[in-house]
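Subject: The structure I mentioned

Hi there,

Here is the structure I said I would pass on. Have a look at it first, and then read on for my notes.

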Amino acid sequence: FPEKVIARLIVKEAIRNKKLVKKSCKECGNHKSLAHHPDYSKPLYVMWLCQKHHQRLHAKLRTPPPQGI
């Protein structure tokens with residue numbers, strides 16, 4: 001996934017150049033957060049989530065929606 005690698009590099013560079021500020025997890029406030037990209041075509045648009053909430057979000061995204069009756 002080259003777009004994923006590029007988005008990560010852009011975020012690292014933006015943090016280093018102080019164009020992007022790392023924030024706490026939006027779910028629990030943990031300061032050890034990761035940048036989650038909802039859309040890799042917008043690499044500086046990120047959600048800050050701790051490891052636990054980041055994994056939960058990805059698990060939720062992998063789960064198919066329930067079928068209607």
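Below is what I found, going from the overall layout to single residues.

First, a word of caution: this is a predicted model.

The overall picture

The protein has two helices and two strands. Starting at the N terminus, the order of these elements is α-β-β-α. The radius of gyration comes out at 14 Å, well over the 11 Å that the globule rule gives for 69 residues, so the protein is more spread out than a compact globule. Along the principal axes, the C-alpha atoms fill a box of roughly 50 × 30 × 15 Å.

As for burial, 22% of the 69 residues count as buried. The protein exposes about 5800 Å², and 58% of that comes from carbon and sulfur atoms. If you take the contacts with a separation of 6 or more, 39% of them are between residues 24 or more positions apart.

Helix H1 covers residues 2-16, which is 15 residues.

Which residues of H1 are buried? They are Ala7, Val11 and Ala14. These cover an arc of only 65° around the axis, which means they sit on the same side of H1. Strand S1 (33-36) and strand S2 (47-50) are included in what covers them. Turn to the face of H1 that points away from the buried side, and you find the exposed residues Pro2, Leu9, Lys12 and Arg16.

The core

Nonpolar side chains tend to be buried together in soluble globular proteins. Here the largest nonpolar core has five residues in all: Val11, Ala14, Leu20, Val46 and Trp48. Two residues of that core, Val11 and Ala14, are also among the buried residues of H1.

Setting aside its neighbours within four places in sequence, Val11 is in contact with Leu20, Ala35, His37, Pro43, Leu44, Val46 and Trp48. Three of these partners, namely Leu20, Val46 and Trp48, belong to the core as well.

Just after H1 comes Lys18, with a positive phi of about 60°. Most residues other than glycine have a negative phi. Lys18 is not a glycine, yet its phi is positive. You will find Lys18 in the loop between H1 and S1. Is Lys18 buried or exposed? At 72% relative accessibility, Lys18 counts as exposed.

Helix H2 runs over residues 51-62 and holds His53. His54 is found in helix H2 too. With a relative accessibility of 16%, His53 counts as buried, because the cut-off is under 20%. His54 is buried as well, with a relative accessible area of 15%.

With its neighbours within four places left aside, His54 is in contact with Leu34, Ala35, His36 and Leu49. Ala35 turns up in the contacts of Val11 too.

That is what I have so far.

Best wishes

Definitions and conventions
Residues are numbered from 1 along each chain as its sequence is written. This is a predicted model: local features need pLDDT of at least 70, side-chain atom pairs count only at pLDDT 80 or more; totals for chains, interfaces and linings use all residues. Side-chain values use heavy atoms; hydrogens and water are left out. Helices (H or I, at least four residues) and strands (E, at least two) are DSSP runs, numbered from the N terminus. The expected span of a helix is 1.5 Å times one less than its number of residues. Buried means under 20% relative accessible area, exposed over 50%, partly exposed in between (1.4 Å probe, protein chains only). The arc is that of the directions from the helix axis to the C-beta atoms. Contact means heavy atoms within 4.5 Å. The radius of gyration is taken over C-alpha atoms; the globule rule is 2.2 Å times the number of residues to the power 0.38. Accessible areas come from the Shrake-Rupley method with a 1.4 Å probe; for residues, only the protein chains shown count as cover. A nonpolar core is a set of buried Ala, Val, Leu, Ile, Met, Phe, Trp, Tyr and Cys residues joined through side-chain atoms within 4.5 Å.
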